[in-house]
Amino acid sequence: MGPRRIYKKRNGKLCGVCAGIGEYFNIDPVILRILFVVFAFAGAGILAYLICAIIMPYEDMV
């Protein structure tokens, strides 16, 4: 079995980034969404989310 990978989820709210990261780390996606909003006020959250949305593949595409 190969290494685990992070994938976006199609059933996510916006792009599925938080749902995919939450599944990988076994964390509730709502907590991750709140963290992204908090970091968005600092300026890094929006950029980090956009980079993840572009780079991370959907799980059914692999």
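The exercises below concern a predicted model, and each task is followed by its solution.

**Exercise 1.** Find which residues of helix H1 are buried, and say what covers them.

*Solution.* Start with the helix itself, which spans residues 17-25. Its buried residues are Val-17, Cys-18, Ala-19, Gly-20, Ile-21 and Gly-22. Next, look at what lies over them: the cover includes helix H2 (29-42) and helix H3 (44-55). Finally, step just past the end of H1, where Asn-26 adopts a positive phi of about 60°.

**Exercise 2.** Decide whether Val-17 is buried or exposed, and list its contacts beyond four places in sequence.

*Solution.* Val-17 belongs to helix H1. Its relative accessibility is 0%, so Val-17 counts as buried; the cut-off for that class is under 20%. Leaving out residues up to four places away in sequence, Val-17 touches Lys-8, Tyr-49, Cys-52, Ala-53 and Met-56. For a distance check, take Glu-59: 42 residues separate it from Val-17 along the chain, and the two C-alpha atoms are 11 Å apart.

**Exercise 3.** Classify Lys-8 as buried or exposed, then work out which of its contacts also touch Val-17.

*Solution.* Lys-8 sits in the segment before H1. Because its relative accessibility is 7%, Lys-8 counts as buried. With residues up to four places away left out, Lys-8 touches Cys-15, Gly-16, Val-17, Cys-52, Ala-53, Met-56, Pro-57, Tyr-58 and Glu-59. Setting this beside the contacts of Val-17, you will find Cys-52, Ala-53 and Met-56 in both lists.

**Exercise 4.** Identify the residues of the nonpolar surface patch and the element that gives the most to it.

*Solution.* The patch is formed by Phe-25, Ile-27, Ile-31, Leu-35 and Phe-39. Together they have about 470 Å² of accessible area. Helix H2 gives the most, with three residues. Now take Phe-39, which is found in H2: at 47% relative accessibility, Phe-39 counts as partly exposed, since that class runs between 20% and 50%.

**Exercise 5.** Describe the largest pocket: how much space does it hold, and which residues are closest to its centre?

*Solution.* Begin with the volume, which is about 180 Å³. The lining has 16 residues, and those closest to the centre are Leu-14, Cys-18, Arg-33, Phe-36 and Tyr-49. By element, H1, H2 and H3 each give two or more residues to this lining.

Conventions: Residues numbered from 1 in each chain as written. Predicted model: local features only at pLDDT ≥ 70, side-chain atom pairs only at ≥ 80, totals over all residues. Heavy atoms only, no water. Buried < 20%, exposed > 50% of the residue type's maximum accessible area, 1.4 Å probe, protein only. Helix = DSSP H or I, 4+ residues; strand = E, 2+ residues; numbered from the N terminus. Contact = heavy atoms within 4.5 Å. Patch = residues over 30% accessible without salt bridge, like charges linked within 9 Å, V, L, I, M, F, W, Y side chains within 5 Å. Areas by Shrake-Rupley, 256 points an atom, 1.4 Å probe, with all protein chains shown as cover. Salt bridge = Lys/Arg side-chain N within 4 Å of Asp/Glu carboxyl O. 1 Å grid on protein atoms, 1.4 Å probe; cavity = no way out; pocket = protein on both sides within 12 Å on 5 of 7 lines; lining within 4 Å. Points joined across faces, edges and corners; volume = space filled by probe spheres on them.
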